[in-house]
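Please keep the sequence and the structure in view while reading.

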Amino acid sequence: MSSTWILPDDLVVPELPAGHPGVGAPMPEHWSKCFGCGDDQPTGLAMQFTVGEGLAVHGRFEVAKRYQGGPGFIHGGILMTAFDEAQGMACNAALRTAVVTGHLGTDFKRPIPLGAVLEFTARVDGVVRRKVYTSSEARIVDGPLADPDVVVGTSHGLFVVVGHEHFAKGTAFADGLPGSGRDISAV
Ligand SMILES: CCCCCCCC/C=C\CCCCCCCC(=O)SCCNC(=O)CCNC(=O)[C@H](O)C(C)(C)COP(=O)(O)OP(=O)(O)OC[C@H]1O[C@@H](n2cnc3c(N)ncnc32)[C@H](O)[C@@H]1OP(=O)(O)O
């Protein structure tokens, strides 16, 4: 069973941005302190991304023991976090602008064991004004229960393009600030 997600009739599929790197090119973290992709966030997922076909990206992470929900399996909120990050990175690659998550819906299709290496394929399906419609699926590609033909989870999300003023509101509470080329990046 899967939840329903209807794309709007006025959806516009964006062109690839100029200078878009080729399929397989590594994508840097968008910020070193990000819980999803940062390399300076010790409890985070440290997801790693590469450019996919068209408006898609691929992301990976290994399910560490600290991400346990029920005994032996990933916590559902961690899987949603990984989908959030993957779909946000797809927006970043396709549009090269800052976005935040407005809505995210996930179908949990199979239990995912600790130690599994998950691969996510996430893409931008289209844009309406500031709204960016995205989708993603996850597979276990290594470790326990690995089977790249089985989709273990799917996600649909609506991201919203925001300006710098959105993040300016958070600077007083921030743990570090993205300020250099290393700290924050587009593809
Ligand atoms: C994360 C840090 C990144 C830092 C650096 C970024 C650079 C890198 C760039 C990219 C990489 C991305 C990788 C990140 C991955 C993780 C992302 C997250 O987890 S983000 C955290 C969770 N999300 C929030 O905290 C949003 C909280 N919500 C808000 O701030 C506002 O509600 C916001 C901005 C989403 C919309 O507010 P308004 O006032 O600007 O705009 P209005 O007019 O309300 O909405 C615009 C359109 O969107 C629709 N909309 C808004 N929310 C919706 C919803 N929940 N469902 C359906 N439609 C929604 C509205 O109906 C409207 O549509 P109509 O154009 O009129 O048709």
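## Basis and terms

In this report, a residue is near a molecule or strand if its C-beta atom, placed from the backbone, lies within 6 Å of it. The model is predicted, and local features need pLDDT of at least 70, side-chain atom pairs count only at pLDDT 80 or more, and totals for chains, interfaces and linings use all residues. Residues are numbered from 1 along each chain as its sequence is written.

## The shell around the ligand

The ligand is surrounded by 23 residues, of which G88, N92, V100, G102 and H103 are the closest. Helices (H or I, at least four residues) and strands (E, at least two) are DSSP runs, numbered from the N terminus. At least two shell residues come from each of helix 1 (76–95), strand 4 (99–108) and strand 7 (151–161). Helix 1 contributes the most, with 6 residues.

By class, the shell holds 11 nonpolar, 7 polar and 5 charged residues. Here Ala, Val, Leu, Ile, Met, Phe, Trp, Tyr, Cys and Pro count as nonpolar, Asp, Glu, Lys and Arg as charged, and the others, Gly among them, as polar.

## The annotated span

An unreviewed UniProt entry carries the annotation "domain: Thioesterase" for residues 72–143. UniProt positions are given in the numbering used here, feature names are shortened, and annotations may be inferred rather than shown by experiment. In the model, the end C-alpha atoms of residues 72–143 lie 13 Å apart, and the span is 28% helix and 47% strand.

## The sheet

Two strands pair if DSSP finds at least two bridges between them. An open sheet is formed by 7 strands in the order 1-2-3-5-6-7-4, with antiparallel pairing. Strand 1 (26–27) and strand 4 are at the edges with a single partner strand each, so one side of each has no neighbour in the sheet. Strand 4 pairs with strand 7 in the antiparallel sense over 9 bridges, and G105 has H156 in strand 7 as its bridge partner.

Strand 1 and strand 2 run antiparallel and are joined by 2 bridges; M27 stands opposite F49 in strand 2. Strand 2 is also joined to strand 3 (residues 56–62), by 4 bridges in antiparallel fashion, and V51 has V57 in strand 3 as its bridge partner. The hairpin of strand 2 and strand 3 has 4 residues between the strands, and G54 takes a positive phi near 55 degrees there.

A residue is buried if 20 or more other C-beta atoms lie within 10 Å of its own, exposed if 12 or fewer, and partly exposed in between, with C-beta atoms placed from the backbone.

## The nonpolar core

A nonpolar core is a set of buried Ala, Val, Leu, Ile, Met, Phe, Trp, Tyr and Cys residues joined through C-beta atoms within 7 Å. The largest such core has 37 residues, and V57, A82, A86, M89, A90, I112 and L118 touch the most other members. Helix 1 gives the most to this core, with 9 residues.

## Positive phi in two loops

R96 lies in the loop between helix 1 and strand 4, and its phi is near 55 degrees, a positive value in a residue other than glycine. L145 is in the loop between strand 6 and strand 7; although not a glycine, L145 has a positive phi of about 60 degrees.
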